[in-house]
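Please read it alongside the structure shown here.

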Amino acid sequence: MEDECSFGAVRLEGKRNESQSSSNIDFQPSEMGTKEYWDHAYERELKGFNESGDTSEIWFGEESMDRILNWLEKHNIPKDAAVLDIGTGNGLLLVKLAKAGFTNLSGIDHSSTAVELAKAVAEKEGILSVNLQVADFLNPFPYLSHYEICIDKGTFDAISLSFDNPGEKLRRYHQSLLNVLKNGGLFLITSCNWTKQELVNHVNEGLELLEELPTPKFHFGGKTGSSVTVLVFKRKE
């Protein structure tokens, strides 16, 4: 099954100028770039979960979570590595990592309803050791040089759709990432708005690209594209 991509239309390769600087963002702003949108979305999900026990949305699909887990296991990442899920949403990625044996897991989200939902989902799945808290990654973050692994599955995308100065917000995101990630630590990002080169342009200061993970390709109108970009970066030592 192909990844779900909930942040906009499928992107064809070459649609945008990949040499643009990180301060130039040409996305149309969207409600998906606002906290209010996500508060309302997770209110609906929490209501549905309380009524039926079902988590209705997996924003990038089961395949996307499996891709991350498989990469971590393929590269023998220690199961006690400190992992931060940036914008954890309903927490399903952390549940999957916990079931695979990872023991030092944290998730943050700026939506208190998302965190409430994530805690309920984890409890239902019998996962009691995950640290979940309400926090805005764009604001000063207390855990300096704390994490070996940081994972982003859609948060960078959502910020880029903000109505209010998205370039500055992405700069603050980058700074927070450098602050919390240990030297030599890994950053795994899944995006459906940004190409490989654009992501590299945004985060190359302090980070080096290690690998692009394969994702499903499509062919349309004589062009080849992908709905999802997945990259692994390493914090420079």
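In this predicted model, helix α1 (residues 35–52) and helix α4 (residues 112–124) have axes that come within 8 Å and cross at roughly 30°. Angles under 35 degrees count as roughly parallel, and α1 and α4 are therefore roughly parallel to each other.

**Helix packing**

- Two packed helices are described by the angle between their axes and the distance between the axes.
- The crossing in which α1 passes α4 is left-handed.
- On the α1 side, the contact is made by Asp 39, Tyr 42, Glu 43, Glu 45, Leu 46 and Phe 49.
- These residues meet Ser 112, Thr 113, Ala 114, Glu 116, Leu 117, Ala 120, Val 121 and Lys 124 of α4.
- Sorted by class, the contact of α1 with α4 holds 7 nonpolar, 2 polar and 5 charged residues.

**Aromatic pairs**

- A pair of aromatic rings is described by the distance of the centres and the angle of the planes.
- There are 10 aromatic pairs in the structure.
- One of these pairs is formed by Phe 156 and Trp 194, with 5.9 Å centre to centre and 70° between the planes. Planes over 60 degrees apart count as edge-to-face, so the pair of Phe 156 and Trp 194 is edge-to-face.
- The pair links distant parts of the chain, as Phe 156 and Trp 194 are 38 residues apart.
- Phe 156 sits in helix α5 (residues 155–160), whereas Trp 194 sits in the loop between β5 (181–191) and α7 (196–203).
- Both Phe 156 and Trp 194 are buried.
- Phe 156 and Trp 194 also belong to a cluster linked by ring pairs, together with Phe 137, Phe 141, Tyr 143, Tyr 147, Tyr 173, Phe 187 and Phe 233.

**Positive phi angles**

- Most residues other than glycine have a negative phi.
- Asn 76 is not a glycine, yet has a positive phi of about 55°.
- Asn 76 is placed in the loop between α2 (62–74) and β1 (83–86).
- With a relative accessible area of 64%, Asn 76 is exposed.
- Asn 165, also not a glycine, has a positive phi of about 50°.
- The loop between α5 and α6 (166–180) contains Asn 165.
- Asn 165 has a relative accessible area of 47% and is partly exposed.

Methods:
Residues are numbered from 1 along each chain as its sequence is written. This is a predicted model: local features need pLDDT of at least 70, side-chain atom pairs count only at pLDDT 80 or more; totals for chains, interfaces and linings use all residues. Side-chain values use heavy atoms; hydrogens and water are left out. Axes are lines fitted to C-alpha atoms, for helices over the stretch in contact, and angles run from 0 to 180 degrees between N-to-C directions. Helices (H or I, at least four residues) and strands (E, at least two) are DSSP runs, numbered from the N terminus. Angles under 35 degrees count as roughly parallel, over 145 as roughly antiparallel, 65 to 115 as roughly perpendicular and the rest as oblique. A crossing is left-handed if the near helix is turned anticlockwise from the far one by less than a right angle, and right-handed if clockwise. Contact means heavy atoms within 4.5 Å. Ala, Val, Leu, Ile, Met, Phe, Trp, Tyr, Cys and Pro count as nonpolar, Asp, Glu, Lys and Arg as charged, and the others, Gly among them, as polar. Rings of Phe, Tyr and Trp (its six-membered ring) pair if their centres lie within 6.5 Å; planes under 30 degrees apart count as stacked, over 60 as edge-to-face and the rest as tilted. Buried means under 20% relative accessible area, exposed over 50%, partly exposed in between (1.4 Å probe, protein chains only).
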